Amino acid sequence: MGVDFVVHEKGDGVGVVVVEGLKKGQECTGWIMQEDELVTFKILDDIPIGHKVALHNFAVNDTVIKYGTDIGKVVQPIKQGEHLHVHNVKTKRW
């Protein structure tokens, strides 16, 4: 079983895709680096390499954590396995 995405630590809400791309309906595996654990779930969207996948469900106004850092707030509901990007998360800076 290969690793499809990586997560820095257990408290993160997203993983970063490290393969050429994940396809909707695909079962994928992520590696939580700090704890050296694997997680597995089904992908709900096509997600390109380098982009983020939601590790759990998010509601509007939830904070998204990546690498232990707040990267923004959710502007539309996101389900585990969906593509998390600029269409559903916005920075809190502006």
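Mentor: Happy to. Let us begin with a strand pair: β4, residues 27–32, runs antiparallel to β5, and six bridges join the two. Within that pairing, Thr29 has Thr40 of β5 as its bridge partner. Keep in mind that this is a predicted model. Both strands belong to an open sheet of six strands with mixed pairing, ordered β5-β4-β1-β2-β7-β10. Its edges are β5 (37–42) and β10 (83–84), each of which pairs on one side only.

Next comes an open sheet of three strands, in the order β8-β9-β11 and with antiparallel pairing. Here β8 (63–66) and β11 (89–90) are the edge strands, each pairing on one side only.

Now for the single residue, Asp12. You will find Asp12 in the loop that links β1 (5–7) to β2 (14–17). Asp12 is buried, yet it makes no salt bridge. The nearest side chain of opposite charge is that of Lys66, 8.8 Å away, whereas a salt bridge calls for a distance within 4 Å. What the side chain of Asp12 does reach is the backbone nitrogen of Gly68, at 2.8 Å. Beyond its neighbours within four places in sequence, Asp12 is in contact with Val7, Leu55, Ile65, Lys66, Tyr67 and Gly68.

Conventions:
Residues are numbered from 1 along each chain as its sequence is written. This is a predicted model: local features need pLDDT of at least 70, side-chain atom pairs count only at pLDDT 80 or more; totals for chains, interfaces and linings use all residues. Side-chain values use heavy atoms; hydrogens and water are left out. Helices (H or I, at least four residues) and strands (E, at least two) are DSSP runs, numbered from the N terminus. Buried means under 20% relative accessible area, exposed over 50%, partly exposed in between (1.4 Å probe, protein chains only). Lys and Arg count as positive and Asp and Glu as negative; His and the chain ends are not counted. A polar contact is a pair of N or O atoms within 3.5 Å; within protein, one must be able to donate a hydrogen and the other to accept it, and residues adjacent in sequence count only if both atoms are side-chain atoms. Contact means heavy atoms within 4.5 Å. Two strands pair if DSSP finds at least two bridges between them.
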